[in-house]
Amino acid sequence: MKDAHNGKLSGAQIFCLLALFLSGGVGTMGGGGASRDAWLLMLAAGAAAAAVYPVYVRLAVPEGGADGFERAFGPAAGRAVRKALGAAAVLTAAVDLRVFADFTAATALPHSPRIVIAAIMAGVLIAVLRAGTEALGRAAGPAFAVVFGMLALSFAAAWTQLDWGAVLPIGETGAFSLLQSFVRGSIVPFLEGFFALWVLAPMHNRQRPARPAVAAALFAGVFLGSVLMKNIMLLGYPAGGRYFFPSYTAASVTVISEFLQRQELLVAVPFLMCELFKASLCLMFAVRALGVRRRRLWEPVLCAAAAGISLLGRGGVAEAIAPLRFYGQWLFLPLFVVPAAAAVTAALRAKTGCNHKK
């Protein structure tokens with residue numbers, strides 16, 4: 001892709017990578033009891049992320065050799081915060097591996113042990129981390145075309161079967177319930193974008209890395225909102241929110257003709273590809289945040305740790321829903337409150353001329 005040189009990434013590559021990262025949960029979005037307004041909340045989440053991502057970018061891009069957390073809290077406390085977020089990134093990758101394994105077991109390999117699927121995924125992640133961010137950026141353009149091309153095709157295939165009245169009325173659950181769903185579910189994949197931006201923003205080959213980040217947030221909000229809307233219009237409400245993989249189920253009921261039925265592949269392939277990109281960027285962040293020196297040794301260790309955590313607990317998707325919801329609730333604190341506090345503190349210190357010594 002043009003404008004990528006000397007180990008840097010172009011704005012287009014950052015846009016594609018972040019859009020793929022944010023779409024990592026396209027297979028599970030809207031499942032587990034989501035409201036009728038889930039599609040509208042996804043639009044709002046994309047708009048909110050567009051306002052937050054410039055803050056993430058400023059924290060990620062070093063100034064004077066220090067990142068935003070060190071500028072705000074000092075070298076020692078800043079590194080401690082960054083390491084804690086590195087641990088959170090490993091947990092996020094583990095969640096992605098768990099969902100990947102459960103999805104694969106539920107749709108394609110019902111008799112394969114989850115540990116085998118997790119081990120294969122961990123091996124792929126090790127290879128991606130060894131290849132590096134620049135190689136991931138080169139793959140972003142073709143992957144973007146495949147993922148969003150197939151999702152667009154799945155929408156077009158279902159067009160004649162859509163029940164447009166199924167997404168109305170809006171706001172029937174009340175403002176508080178909508179806010180709760182927004183914080184616990186809709187905004188979560190966009191907050192996780194912090195991990196991707198920390199890796200991608202310093203590698204931008206232009207002076208304004210916030211632009212592709214904002215564009216990706218808005219694009220993902222609109223696209224994912226459209227996917228959720230399509231699911232509700234195909235499966236109905238509340239049935240559409242009861243499935244654990246609503247996008248896959250919606251594709252299974254799409255019929256183009258007698259010869260072209262069961263369009264699950266149009267959703268399964270994008271979901272699995274996005275999960276790969278998302279888990280890879282989370283672990284790349286973890287390697288940087290934890291400040292490991294022997295990266296070739298620690299990359300396999302972190303991948304194995306994520307795979308091991310993903311195997312905790314028994315049962316399949318149904319048993320995983322409760323911890324996933326808990327994960328979404330606490331993620332708001334480290335990925336919104338802490339960066340916001342760091343940004344405000346760093347700005348005040350810069351304004352008053354109060355800087356920490358290294």
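Author: Here is a short tour of the core, one tryptophan, the cysteines, a helix and the salt bridges.

Reader: What kind of model is this, and what should I know before reading it?
Author: This is a predicted model, in which local features need pLDDT of at least 70 and side-chain atom pairs count only at pLDDT 80 or more, while totals for chains, interfaces and linings use all residues. Residues are numbered from 1 along each chain as its sequence is written, and side-chain values use heavy atoms, with hydrogens and water left out.

Reader: OK, how many residues are in the largest nonpolar core?
Author: That core has 111 residues. A nonpolar core here is a set of buried Ala, Val, Leu, Ile, Met, Phe, Trp, Tyr and Cys residues joined through side-chain atoms within 4.5 Å. Buried means under 20% relative accessible area, exposed means over 50%, and partly exposed is in between (1.4 Å probe, protein chains only).

Reader: Which residues have the most contacts inside it?
Author: Those are Tyr53, Phe190, Phe194, Leu283 and Phe285.

Reader: And what is leucine 283 in contact with?
Author: Leaving aside neighbours within four places in sequence, leucine 283 touches Val90, Ala93, Leu125, Leu129, Leu302, Cys303 and Ala306. Contact means heavy atoms within 4.5 Å.

Reader: Switching topic: is tryptophan 39 buried or exposed?
Author: Tryptophan 39 is buried, at a relative accessible area of 10%. This residue belongs to helix α2 (residues 38–60). Helices (H or I, at least four residues) are DSSP runs, numbered from the N terminus.

Reader: What is tryptophan 39 in contact with?
Author: Beyond its neighbours within four places in sequence, tryptophan 39 has contacts with Val167, Ile170, Gly225, Leu228, Met229 and Ile232. Take leucine 228: 189 residues separate it from tryptophan 39 in sequence, yet their C-alpha atoms are 5.1 Å apart in space.

Reader: Tell me about helix α10, how many residues does it have?
Author: Helix α10 (residues 210–235) has 26 residues. From first C-alpha to last, α10 reaches 37 Å, close to the 38 Å expected at 1.5 Å a residue; the expected span is 1.5 Å times one less than the number of residues. Just after α10, glycine 236 takes a positive phi of about 85°.

Reader: How many disulfides?
Author: The count is zero, with a disulfide being a pair of cysteine sulfur atoms within 2.5 Å. As for individual cysteines, cysteine 16 is buried at 8% relative accessible area, and cysteine 274 is buried at 0%.

Reader: And how many salt bridges?
Author: Nine, where a salt bridge is a side-chain nitrogen of Lys or Arg within 4 Å of a carboxyl oxygen of Asp or Glu. One of them joins the side chains of aspartate 96 and lysine 278 (3.5 Å, N to O). That pair links distant parts of the chain, 182 residues apart, with aspartate 96 in helix α4 (residues 75–107) and lysine 278 in helix α12 (residues 265–289).

Reader: Is aspartate 96 buried or exposed? What about lysine 278?
Author: Aspartate 96 is buried, with a relative accessible area of 4%, and lysine 278 is buried at 6%.

Reader: Which residues are linked in a network of salt bridges?
Author: Asp67, Glu70 and Arg82 are linked that way.

Definitions and conventions: Helices (H or I, at least four residues) and strands (E, at least two) are DSSP runs, numbered from the N terminus.
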